[in-house]
Amino acid sequence: MSEVHTVAESPLPKLLHGRRKLWLLLAATVCALAALAGARLLNRGDRLTHLTAKVQRGEIRDVVDATGTVNAVITVQVGSQVSGTIAKLNADFNSRVKKGDVVALIDPQLFDGALKQAVADLENAKANVLAADANVVKARATLEQTKADYDRAQSMVKDGVGTQQALDQAKAGYESAKASVDAAVANVTQAKAQVSQKDAAVAVARTSLDYTVIRSPIDGIVVARNVDVGQTVAASLQAPTIFTIAQDLTKMLVYAKVDESDVGRIRMRQPVTFKVDAFPKEVFTGAVSQVRMNPTTVQNVVTYDVVVEFLNPDLKLFPGMTAYVTIPVATVDDVVKIPNAALRYKPSMSPEVVRALYAKNGIEAGVRSDAAPASAASSGAAPLSAEARRGVRGEDAVIWKRLADDSLEPVRISLGITDHTYTQVAGVLNGKLEPNDDVVTSSVALKSLPPGAQGIRR
């Protein structure tokens, strides 16, 4: 009888196979974790840090800055209407002169000779008038004689004792005498006209002689002398300038060049301050007296002259000095203000996140409003004066406030005036904003340090 032996299968291969699967699973898990850690390490990027500024309370002065030139109120250029050689100068730079004072003398010899010649010509013309009058008397006497001869000849012809020839000769003599009288009278008229002409020549010569004496037309100070003694001046085309006289340097003007974008905000009698290079630590004051409508264009830049009048009792400022003018156009005191950098800040967030934050704080995206602030009291804004209202920009903006947990919150505000560094918060339209709050002005990406490197110092 045969025996059947049953051999049991060994469990070792199955065990080895299960362990292999487990090791493969563990290896895959470790690789996945390593890949995830590497990805997180690679994707850590830079850390974003917000730079902030405090919301402040204080004063804002909106000003227009311009550059101008100091000038006298009235400046007169004293010249010569005649040509000649300067014989004498009675004034020099900075000389004080009175109206009518002789400030210069042109050599008068030629003009004196011309006057004497004109006077002689006038006397000659007057003598010619007397001679013409005498000729008239003579011509009239001849006319009377020839008329008597003509009348006798007519009587003799009627009586038959005279000839027709004698009558014709008498008549011709009479007619000739009448013509001589008319000619003599015309000569008198011509002689008198010559007298008038020579008299005018005398007046011109005397005036030219008077012009050799140059007098000051105003009371003032000589600010420029352009000739020397012995120099010849020629007045054939235009009067040469000998002196420049400023009437009164205790009252002066500044001609400021104001850009066309600012000239509309300038009003008459606005107070003005300015400085000059000669006195850099002193501030001089004045007032706007005129805004001239005549534009000046230089390289497509249009400016207008704004005239500022000021007092100069100590004569510190001289004509021609460069003035750096500041014209305040609006001023507010004790108002909430923020730096202009906060108005320019845009967060580095996706549009969806920005819209969500806007909606959370009741801000409609893209809304601009010129209306009055809805919650001016929440910003601590004081009522605006009439001057300040003229400078209000009539705009609103969204700024970003940093909270205690370093998160950002949008705040919609109404803008007031600006000094180009700070802008007035006229009111808060959405959100809350108080003095000493932090508003974001910019963001800086800081490089992240690798693990374990925080303690490394350079």
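Val-64 is found in strand 2, which spans residues 56-72; strands are DSSP runs of E with at least two residues, helices are runs of H or I with at least four, and both are numbered from the N terminus.

The model is predicted, with local features requiring pLDDT of at least 70 and side-chain atom pairs pLDDT 80 or more, while totals for chains, interfaces and linings use all residues. Residues are numbered from 1 along each chain as its sequence is written, and side-chain values use heavy atoms, leaving out hydrogens and water.

**Helix packing**

Two packed helices are described by the angle between their axes and the distance between the axes. Helix 2 (residues 109-159) packs on helix 3 (residues 164-211) at an angle of about 165 degrees, and the axes are 7 Å apart. That angle makes helix 2 roughly antiparallel to helix 3 (over 145 degrees; under 35 is roughly parallel, 65 to 115 roughly perpendicular and the rest oblique). Axes are lines fitted to C-alpha atoms, for helices over the stretch in contact, and angles run from 0 to 180 degrees between N-to-C directions. The crossing of helix 2 with helix 3 is left-handed, meaning that the near helix is turned anticlockwise from the far one by less than a right angle. By class, the contact holds 30 nonpolar, 11 polar and 13 charged residues; Ala, Val, Leu, Ile, Met, Phe, Trp, Tyr, Cys and Pro count as nonpolar, Asp, Glu, Lys and Arg as charged, and the others, Gly among them, as polar.

Ala-125 has its place in helix 2 and counts as buried at 3% relative accessibility.

**Aromatic pairs**

A search of the whole structure finds 5 aromatic pairs. Rings of Phe, Tyr and Trp (its six-membered ring) pair if their centres lie within 6.5 Å; planes under 30 degrees apart count as stacked, over 60 as edge-to-face and the rest as tilted. Two of these pairs are tabulated.

| Pair | Centre to centre | Angle of planes | Class |
|---|---|---|---|
| Tyr-150 and Tyr-174 | 5.8 Å | 5 degrees | stacked |
| Phe-274 and Phe-310 | 5.0 Å | 65 degrees | edge-to-face |

Tyr-150 lies in helix 2 and Tyr-174 in helix 3, so their pair ties together parts 24 residues apart in sequence. Tyr-150 counts as buried at 16% relative accessibility, and Tyr-174 counts as buried at 16%.

Phe-274 lies in strand 12 (residues 271-276) and Phe-310 in strand 14 (residues 301-311), so this pair joins parts that are 36 residues apart in sequence. Both Phe-274 and Phe-310 are buried. Ring pairs link Phe-274, Phe-279, Phe-284 and Phe-310 into a cluster.

**Charges over rings**

Lys-316 lies over the face of Phe-279, 5.5 Å from the ring centre. The charged end of Lys-337 sits over the ring of Tyr-422, at 4.8 Å from its centre. The criterion is NZ of Lys or CZ of Arg within 6 Å of the ring centre and within 35 degrees of the ring normal.

**Positive phi**

Most residues other than glycine have a negative phi. Asn-94 has a positive phi, near 65 degrees. Asn-94 is in the loop between strand 4 (84-89) and strand 5 (96-97), and counts as exposed at 61% relative accessibility. Phi of Arg-269 is positive too, near 65 degrees, and Arg-269 is in the loop between strand 11 (251-259) and strand 12.

How values were computed
Buried means under 20% relative accessible area, exposed over 50%, partly exposed in between (1.4 Å probe, protein chains only).
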